[in-house]
Amino acid sequence: MNNLLLQSENIIGLNYLLNDLDLSGKIDLVYIDPPFATGSNFTITNGRATTISNSKNGKIAYSDKLKGEDFIDFLRQRLILLKELLSDKGSIYLHIDYKIGHYVKVLMDDIFGIDNFRNDITRIKCNPKNFDRIGYGNIKDMILFYSKTKNPIWNEPRESYSEKDIDVLFPKKNSDGRRYTTVPIHAPGETQNGNSNKPFKGKLPPVGRHWRVDIETLEKWDKSGLIEWSQTGNPRKIIYEDEREGKRVQDIWEFKDPQYPSYPTEKNQDLLNLIIKTSSNQDSIVLDCFCGSGTTLKAANELGRKWIGIDKSDEAVKATINRLKNIKEDLFVTNKTYDFINLTKMEFNSAENMLSQNENIPIENELELIL
Ligand SMILES: C[S@@+](CC[C@H](N)C(=O)[O-])C[C@H]1O[C@@H](n2cnc3c(N)ncnc32)[C@H](O)[C@@H]1O
């Protein structure tokens with residue numbers, strides 16, 4: 001499959017993927033950043049994106065006018081199709097704000113199943129601001145993460161230690177200057193028989209505890225200098241900082257919005273890099289059906305994944321095409337070509353009559369190889 005940019009109302013686009021491209025169950029990762037029911041127009045003035053509500057100047061990139069129940073219904077229709085497109089090892093990340101996000105959580109629990117809910121990730125989006133209104137300053141939004149089944153693709157992400165982490169977590173230094181910490185080599189619970197309650201260097205585990213590993217392993221660690229004996233004769237395992245791959249990523253992420261976005265509400269590409277690396281593989285197809293300026297598509301391309309992007313806005317498609325041009329090919333990024341299909345000439349009525357409408361699209365006439 002070629003990478004694909006679809007200009008289209010996304011209900012039409014998603015049905016096209018299901019019915020014409022036969023992609024049901026073939027998408028490993030969906031990231032979407034739909035409008036947040038803000039009641040605003042998002043505009044571009046002299047090439048600069050602005051998120052000022054109802055700005056009179058500039059071209060409208062997109063309008064975000066649906067509210068309340070209408071907005072939830074709008075999302076529901078799309079989420080049902082996205083679930084169908086997801087593979088059995090697939091995941092979906094939905095980016096939303098704190099005002100409507102909790103309703104969307106309930107909707108997603110309903111569609112994907114509460115057992116497949118993985119995280120409500122807090123994303124720090126900006127520096128603290130002075131707000132006039134009563135309430136605490138809002139510097140975060142949320143990303144709801146669900147998998148299709150119990151066994152999604154999961155490439156454990158790791159984060160490098162900060163200097164402060166290293167000071168706190170690895171407070172000791174050996175004679176070579178290597179930072180390390182020590183951890184107990186015994187754990188709660190006594191074992192009656194077996195290797196983990198035997199003496200190690202003549203010492204039994206403390207009462208009510210057992211050695212974490214068998215005696216042979218403890219001997220091996222000791223020989224390799226990986227056991228530190230305290231002044232009171234208590235053995236502990238040495239853990240060197242430079243042998244750790246970093247710390248586990250938690251559910252609060254700081255990826256501030258770009259300072260000079262090419263498109264309103266453009267997201268930070270590092271955020272997409274993390275999601276794509278963690279929840280997809282090299283052969284995966286990544287889909288964003290509210291792709292805006294194409295942040296997801298660019299990240300997926302640079303990480304060697306296949307991608308599909310859908311957006312109905314002319315300004316979004318322009319911004320995406322521009323950004324994709326800037327992908328640098330190198331040893332690892334060798335393919336930045338994609339197909340572009342414009343389905344916007346079709347009238348959209350409802351999800352139900354899409355099938356019959358799809359049969360009328362002269363797709364061949366619309367297909368245009370951009371690069
Ligand atoms: C918040 S922006 C996405 C920004 C994007 N994440 C980025 O980094 O640039 C939402 C996008 O969804 C598009 N959109 C909204 N409703 C849509 C629909 N029904 N079909 C297709 N695109 C839609 C808008 O045109 C807009 O570009």
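This is a predicted model: local features need pLDDT of at least 70, side-chain atom pairs count only at pLDDT 80 or more; totals for chains, interfaces and linings use all residues.
Let me start with Val249, which touches Pro157, Arg158 and Glu159 once residues up to four places away in sequence are left out, where touching, or being in contact, means that the C-beta atoms of two residues, placed from the backbone, lie within 7 Å. Val249 and Glu159 are 90 residues apart along the chain, and yet their C-alpha atoms are separated by 5.9 Å. The place of Val249 is in the loop between strand E16 (247–248) and strand E17, and here helices (H or I, at least four residues) and strands (E, at least two) are DSSP runs, numbered from the N terminus. Val249 is partly exposed, because 14 other C-beta atoms lie within 10 Å; the rule is that a residue is buried with 20 or more other C-beta atoms within 10 Å of its own, exposed with 12 or fewer, and partly exposed in between, again with C-beta atoms placed from the backbone.

Residues are numbered from 1 along each chain as its sequence is written.

Now for the chain as a whole. The protein chain has 10 helices and 21 strands, and buried residues make up 33% of its 371 residues. Among the contacts with a separation of 6 or more, 69% join residues 24 or more positions apart.

Another such pair is Gly39 and Asp64, which are 25 residues apart in sequence but 5.3 Å apart in space, C-alpha to C-alpha. Gly39 sits in the loop between strand E2 (27–32) and strand E3 (40–45), whereas Asp64 belongs to strand E5 (residues 59–64). Besides Asp64, Gly39 touches Lys65 and Lys67, not counting residues up to four places away in sequence. Is Gly39 buried or partly exposed? Gly39 is partly exposed, because it has 13 other C-beta atoms within 10 Å, and Asp64 is also partly exposed, with 18.

Let us turn to the helices. Helix H1 (residues 10–20) is largely enclosed by the rest of the structure, because 8 of its 11 residues are buried. Those buried residues run through Asn10, Ile11, Ile12, Gly13, Leu14, Asn15, Tyr16 and Leu17. H1 is followed by Asp22, whose phi is positive, near 60°, and Asp22 lies in the loop between H1 and E2. Most residues other than glycine have a negative phi. Asp22 counts as exposed, because it has 9 C-beta neighbours inside 10 Å. Thr265 likewise has a positive phi of about 60° although it is not a glycine, and its place is in the loop between strand E17 (252–254) and helix H6 (269–279). Thr265, however, counts as buried, with 22 C-beta neighbours inside 10 Å.

Two packed helices are described by the angle between their axes and the distance between the axes. Helix H2 (residues 68–85) and helix H3 (residues 101–112) pack at an angle of about 35°, with their axes 10 Å apart; the axes are lines fitted to C-alpha atoms, for helices over the stretch in contact, and angles run from 0 to 180 degrees between N-to-C directions. On the H2 side the contact includes Ile72, Leu75 and Leu79, and on the H3 side it includes Val104, Leu107 and Ile111. By class, this contact has 10 nonpolar, no polar and 2 charged residues, where Ala, Val, Leu, Ile, Met, Phe, Trp, Tyr, Cys and Pro count as nonpolar, Asp, Glu, Lys and Arg as charged, and the others, Gly among them, as polar.

Which residues touch the most other members of the largest nonpolar core? Of its 63 residues, they are Ile27, Val30, Leu82, Leu85, Leu94, Leu144 and Leu287, and such a core is a set of buried Ala, Val, Leu, Ile, Met, Phe, Trp, Tyr and Cys residues joined through C-beta atoms within 7 Å. H2 gives the most to this core, with 6 residues. Leaving aside neighbours within four places in sequence, Ile27 is in contact with residues including Leu85, Gly90 and Leu287.

Finally, the ligand. It is surrounded by 19 residues, the closest being Asn10, Tyr62, Phe290, Gly292 and Thr295, with a residue taken as near if its C-beta atom, placed from the backbone, lies within 6 Å. This shell divides into 7 nonpolar, 6 polar and 6 charged residues.
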